[in-house]
Amino acid sequence: MSSPIIYVVSDSVGETAELVTKAAVSQFINSNITIKRIPYVEHREDIEEVISLAKLNEAIIAYTLVRPHDREYMKKRSAEEGIITYDIIGPLMDTLQDTLNLSPVYEPGLVRKLDEDYFKRVEAIEFAVKYDDGRDPRGILRADIVLVGVSRTCKTPLSQYLAHKRFKVANVPLVPEVEPPEELFLVAPEKCIGLKISPEKLNNIRKERLKTLGLGDHAIYANLGRIKEELQYFETIVDKLKCPVIDVTNKAVEETANNIITMIQNNKR
């Protein structure tokens with residue numbers, strides 16, 4: 001075999017099979033081995049095409065086929081045609097099945113699906129951190145959800161919780177002395193969620209916050225009159241936005257987040 005070829009065959013994208021094969025080949029310096037990936041081999045006709053190619057080019061087949069009947073067919077036909085094959089995933093799956101006493105789901109592409117889910121979650125978490133507390137208004141137009149409320153209405157915890165559900169969330173604090181960013185008024189109303197709270201509850205939350213910072217609870221931040229002024233300003237802004245509002249007074253973060261998710265999903269329908 002002057003210029004060996006390895007066909008990397010998979011019933012999904014084939015990244016796993018190719019990485020394992022490359023790792024093995026890397027140990028053979030100057031081997032001049034060519035690796036060719038053949039993805040989405042899901043039917044017997046596909047396997048027959050691979051067998052024909054491998055026979056024609058005197059190639060080796062390394063494969064990750066998760067369905068038992070596909071693995072058996074590849075093994076049987078390769079043996080009949082005198083083709084060298086290596087089953088990358090089958091033996092380990094069989095060992096795990098025997099050891100764990102569990103049955104595999106035999107669904108191709110699950111690794112990729114899990115990876116995509118993980119990276120989407122990481123991306124959403126990074127987004128929530130970057131666009132937290134209105135620090136960069138450009139994120140408002142890129143967000144899946146925009147949370148609007150006065151200070152201490154759980155905007156940041158909600159942003160992080162929703163990020164773990166793969167939603168990109170920006171949050172905007174409302175302060176009477178500061179004009180909201182103009183981007184806020186360009187967002188579709190159904191993507192904005194206003195967070196309201198009772199003045200008394202907010203007063204208690206802010207007093208506790210000041211205590212944790214080692215400050216007295218008589219600061220304007222925790223003044224009931226000031227809080228009512230802020231909440232009135234909040235009502236003015238959300239009326240302009242024409243967005244839905246959730247009262248978070250007696251709600252846990254998880255409950256509010258689930259309400260928001262339901263709203264967003266209903267809007268998509």
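User: What is the angle at which the axes of helix 2 and helix 3 cross, and within what distance do they come?

Analyst: In this predicted model, where local features need pLDDT of at least 70, side-chain atom pairs count only at pLDDT 80 or more and totals for chains, interfaces and linings use all residues, the axes of helix 2 (residues 44-57) and helix 3 (residues 68-81) come within 10 Å and cross at roughly 30 degrees. Residues are numbered from 1 along each chain as its sequence is written, and side-chain values use heavy atoms, with hydrogens and water left out. Axes are lines fitted to C-alpha atoms, for helices over the stretch in contact, and angles run from 0 to 180 degrees between N-to-C directions; helices (H or I, at least four residues) and strands (E, at least two) are DSSP runs, numbered from the N terminus.

User: Why is helix 2 called roughly parallel to helix 3?

Analyst: The axes cross at roughly 30 degrees, and angles under 35 degrees count as roughly parallel, over 145 as roughly antiparallel, 65 to 115 as roughly perpendicular and the rest as oblique, so helix 2 is roughly parallel to helix 3. The crossing is right-handed, a term used if the near helix is turned clockwise from the far one by less than a right angle, with left-handed used if anticlockwise.

User: Which residues of helix 2 meet helix 3?

Analyst: Contact means heavy atoms within 4.5 Å, and in helix 2 Arg44, Ile47, Glu48, Val50, Ile51 and Lys55 meet Asp70, Tyr73, Met74, Arg77, Ser78 and Glu81 of helix 3. Sorted by class, this contact has five nonpolar, one polar and six charged residues, where Ala, Val, Leu, Ile, Met, Phe, Trp, Tyr, Cys and Pro count as nonpolar, Asp, Glu, Lys and Arg as charged, and the others, Gly among them, as polar.

User: What makes helix 6 and helix 9 oblique to each other?

Analyst: The axes of helix 6 (residues 155-163) and helix 9 (residues 253-268) come within 10 Å and cross at roughly 60 degrees, which is an angle left to the rest class, and the two helices are therefore oblique to each other. Their crossing is right-handed, and the contact is made by Pro157, Leu158, Tyr161 and Leu162 of helix 6 together with Val253, Glu254, Thr256, Ala257, Asn258, Ile260 and Ile261 of helix 9. These residues divide into eight nonpolar, two polar and one charged.

User: Why do strand 6 and strand 8 stand at the edges of their sheet?

Analyst: Two strands pair if DSSP finds at least two bridges between them, and the open sheet of four strands has the order 6-5-7-8, with parallel pairing. Strand 6 and strand 8 each have a single partner strand, so one side of each is left without a neighbour in the sheet. Neighbouring strands are turned by 25 degrees against each other on average, direction ignored.

User: How do you know that strand 7 pairs with strand 8?

Analyst: Strand 7 and strand 8 (residues 245-247) share three bridges in the parallel sense, which meets the requirement of at least two. Gly194 stands opposite Val245 in strand 8, and Leu195 has Ile246 as its bridge partner there. Strand 5 (residues 145-149) also pairs with strand 7 in the parallel sense over three bridges.

User: What makes strand 7 mostly covered?

Analyst: Buried means under 20% relative accessible area, exposed over 50% and partly exposed in between (1.4 Å probe, protein chains only), and four of the five residues of strand 7 (residues 192-196) are buried.
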